[in-house]
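Welcome! Take a moment to look over the sequence and the 3D picture, and then we will walk through some of the details together.

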Amino acid sequence: MEQNNSVTEFILLGLTQDPIRQKMVFIIFFIFYVGTVVGNLLIIVTIKSSRTLGSPMYFFLFYLSLADSCFSTSTAPRLIVDALSAKKTISYNECMTQVVALHLFGCMEIFVLILMAVDRYVAICKPLRYPTIMSRQVCIILIVLAWIGSFIHSIAQIILTLRLPFCGPNLIDHYCCDLQPLMKLACMDTYRINILLVSNSGAICSSSFVTLMISYIVILHSLKNHSAEGKKKALSTCTSHIIVVILFFGPCIFIYTRPPTTFPMDKMVAVFYTIGTPFLNPLIYTLRNAEVKNAMRKLWHIKISSESKK
């Protein structure tokens, strides 16, 4: 990557400079990251192995878990390692790579959440046409478009980042590389770049959140025509989706839709959507979903049975 500055590396200050708290950060986020990877991989393996989880909703859940694992991996490992490291440096190229990964998988998660909302809308509001509208071919095309859109978004972010000149200060008051903390170090007026950031990341977060909430309001309103059992099942599924949407988009909107100012809480807010939400998603989708829990039980029962026979 071509550099337009004299800085070859940055120093990540992380969440805290206190040695005792750094050890706490290591323990807490190591547990969170392992839980995130194990939980999401368990969902991925279960969906791939189970014949009962072949509907479009689980097809999209597979990619949500994949995006969650990659999204958390783009930030958590460095946060964990730096918590016990005396030298918290990151090279310029590594920093730019982290920006790309963060926005690629973060944007992918947004698009998958939108596709899951579309799937629930068609399933509940257009049940007779559901198999035709949400066919496997259509789902594959939608996921491919989501990857393309995420790639375009991440490229737009890295183009903005590469335009920032760094002339000396290299202390990033954050635990990862992102456009906002990097703009604080740039030796130029970043007003225009911030406007572009808000019109890109901010617009995606805000418009997606509004679209999702409107879609779920329409879905919930349409449930009055369904049976009691149908209402219960649809409410359980939609409630899980709404919880995930609020947990993810709340912090994103706070970070990406405001003037170029920083607050002390920014790092903790970023932790919530980059590490906290990917950790909670498997719990939300498994604890509130009987089909996934049953499929997991069957999967583990088969594996235990096959091991005992050996």
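Is Met 296 buried or exposed? Met 296 is buried, because its relative accessible area is 11%; here buried means under 20%, exposed means over 50%, and partly exposed lies in between, using a 1.4 Å probe and protein chains only. You can find Met 296 in helix H11 (residues 290-309). Helices (H or I, at least four residues) and strands (E, at least two) are DSSP runs, numbered from the N terminus.

Leaving aside residues up to four places away in sequence, Met 296 touches Leu 42, Ile 43, Thr 46 and Thr 286, where contact means heavy atoms within 4.5 Å. Between the C-alpha atoms of Met 296 and Val 122 there are 26 Å, and these two residues are 174 residues apart along the chain.

## How to read this model

This is a predicted model, in which local features need pLDDT of at least 70 and side-chain atom pairs count only at pLDDT 80 or more, while totals for chains, interfaces and linings use all residues. Residues are numbered from 1 along each chain as its sequence is written, and side-chain values use heavy atoms, with hydrogens and water left out.

## A partly exposed leucine

Now look for Leu 142 in helix H6. Leu 142 counts as partly exposed because its relative accessible area is 24%. Its contacts, again not counting residues up to four places away in sequence, are Phe 60, Leu 115 and Met 134. Leu 142 and Leu 115 are 27 residues apart in sequence, and 7.6 Å separate them from C-alpha to C-alpha.

## Rings that pair up

How many aromatic pairs does the structure hold? There are 15. Rings of Phe, Tyr and Trp (its six-membered ring) pair if their centres lie within 6.5 Å; planes under 30 degrees apart count as stacked, over 60 as edge-to-face and the rest as tilted. One of these pairs is Phe 10 with Phe 166, an edge-to-face pair at 5.2 Å centre to centre and 85° between the planes. This pair links distant parts of the chain, 156 residues apart: Phe 10 is in strand E1 (residues 9-12), and Phe 166 is in the loop between helix H6 (136-162) and strand E3 (171-172). Phe 10 counts as buried because its relative accessibility is 0%, and Phe 166 counts as buried at 0% too.

Phe 59 and Tyr 63 also form an edge-to-face pair, at 5.3 Å centre to centre with 65° between the planes. Both lie in helix H2 (residues 56-73), 4 residues apart, which is about one turn of the helix. Both Phe 59 and Tyr 63 are buried. Elsewhere, ring pairs join Phe 71, Phe 209, Phe 248, Phe 249, Tyr 256 and Tyr 273 into a cluster.

## Helices side by side

Two packed helices are described by the angle between their axes and the distance between the axes. The axes of helix H1 (residues 19-49) and helix H3 (residues 76-83) come within 8 Å and cross at roughly 150°; axes are lines fitted to C-alpha atoms, for helices over the stretch in contact, and angles run from 0 to 180 degrees between N-to-C directions. H1 and H3 are therefore roughly antiparallel to each other (under 35 degrees is roughly parallel, over 145 roughly antiparallel, 65 to 115 roughly perpendicular and the rest oblique). Residues that meet here include Phe 26 and Tyr 33 in H1 and Leu 79 and Ile 80 in H3.
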